[in-house]
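Work through the exercises below with the sequence and the model open side by side. Try each task before you read its solution.

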Amino acid sequence: MKKNGFPASDDERGAIAGFYAVAVFNDGSRTFHALSKEQVEWVRDHSRGYQMAKKNRKESPWDTHFVPMGLKTAIRRLCNLLPKSPELAMALAMDEVSLSMPSALFARTVFICCSQSA
């Protein structure tokens with residue numbers, strides 16, 4: 001984030017240092033989960049989809065969309081810390097099957113950020 005409050009452009013950012021997700025509950029309290037780049041890479045390396053893509057010499061979403069996949073990983077880890085509504089429980093179960101992002105969250109707001117070193 002620049003001093004003027006606007007996000008830095010892609011050219012002004014450094015290498016990815018990690019990912020985090022923040023949930024703000026209806027009462028204003030917050031919780032978050034942070035992962036280093038190495039932790040996200042470990043998740044990637046142990047992903048069945050990534051392993052199959054590598055075995056078949058194909059690209060996976062981890063290869064083509066690393067940042068969104070890292071953000072998704074942080075969100076999914078954060079979801080494990082949240083109270084689950086029936087909608088969130090169903091979305092998480094569907095995510096396991098279809099590998100699509102859950103669309104319903106119990107928290108009022110989720111901020112998704114990718115931290116980068118300067």
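Rings of Phe, Tyr and Trp (its six-membered ring) pair if their centres lie within 6.5 Å; planes under 30 degrees apart count as stacked, over 60 as edge-to-face and the rest as tilted. This is a predicted model, where local features need pLDDT of at least 70, side-chain atom pairs count only at pLDDT 80 or more, and totals for chains, interfaces and linings use all residues. Residues are numbered from 1 along each chain as its sequence is written, and side-chain values use heavy atoms, with hydrogens and water left out.

**Exercise 1. Aromatic pairs**

Solution. 

Step 1. Count the pairs. There are two aromatic pairs by the ring rule.

Step 2. Take F19 and F66. Their ring centres are 5.9 Å apart and the planes meet at 65 degrees, so this pair is edge-to-face.

Step 3. F19 sits in strand β1 (residues 16-24) and F66 in helix α4 (residues 66-79), so the pair ties together parts 47 residues apart in sequence. Helices (H or I, at least four residues) and strands (E, at least two) are DSSP runs, numbered from the N terminus.

Step 4. Check burial. Buried means under 20% relative accessible area, exposed over 50%, partly exposed in between (1.4 Å probe, protein chains only). F19 and F66 are both buried.

Step 5. Take W62 and F66. This pair is tilted, with 6.0 Å centre to centre and 55 degrees between the planes. W62 is buried at 7% relative accessibility. F66 is buried at 17%.

**Exercise 2. Salt bridges**

How many salt bridges does a search of the whole structure find?

Solution. 

Step 1. Use the cut-off. A salt bridge is a side-chain nitrogen of Lys or Arg within 4 Å of a carboxyl oxygen of Asp or Glu. The search finds three.

Step 2. Start with K37 and E41. Their closest N and O atoms are 3.9 Å apart. Both residues lie in helix α1 (residues 37-45), four residues apart, about one turn of the helix. K37 is partly exposed at 28% relative accessibility. E41 is partly exposed at 22%.

Step 3. Go on to D45 and R44. Their side chains meet at 2.9 Å, N to O. D45 is partly exposed at 35%, whereas R44 is buried at 16%.

Step 4. Finish with D63 and K54. This bridge spans 2.9 Å, N to O. D63 is partly exposed at 34%. K54 is partly exposed at 40%.

**Exercise 3. The ends of α2**

Inspect the start of helix α2 (residues 48-55), then the residue with a positive phi just after α2.

Solution. 

Step 1. Look at the start. A side-chain oxygen of S47 comes within 3.4 Å of the backbone nitrogen of G49. A polar contact is a pair of N or O atoms within 3.5 Å; within protein, one must be able to donate a hydrogen and the other to accept it, and residues adjacent in sequence count only if both atoms are side-chain atoms.

Step 2. R57 has a positive phi of about 55 degrees. R57 is in the loop between α2 and α3 (61-64).

Step 3. Check its surroundings. R57 is exposed, at 79% relative accessibility.

Step 4. Recall the background. Most residues other than glycine have a negative phi.
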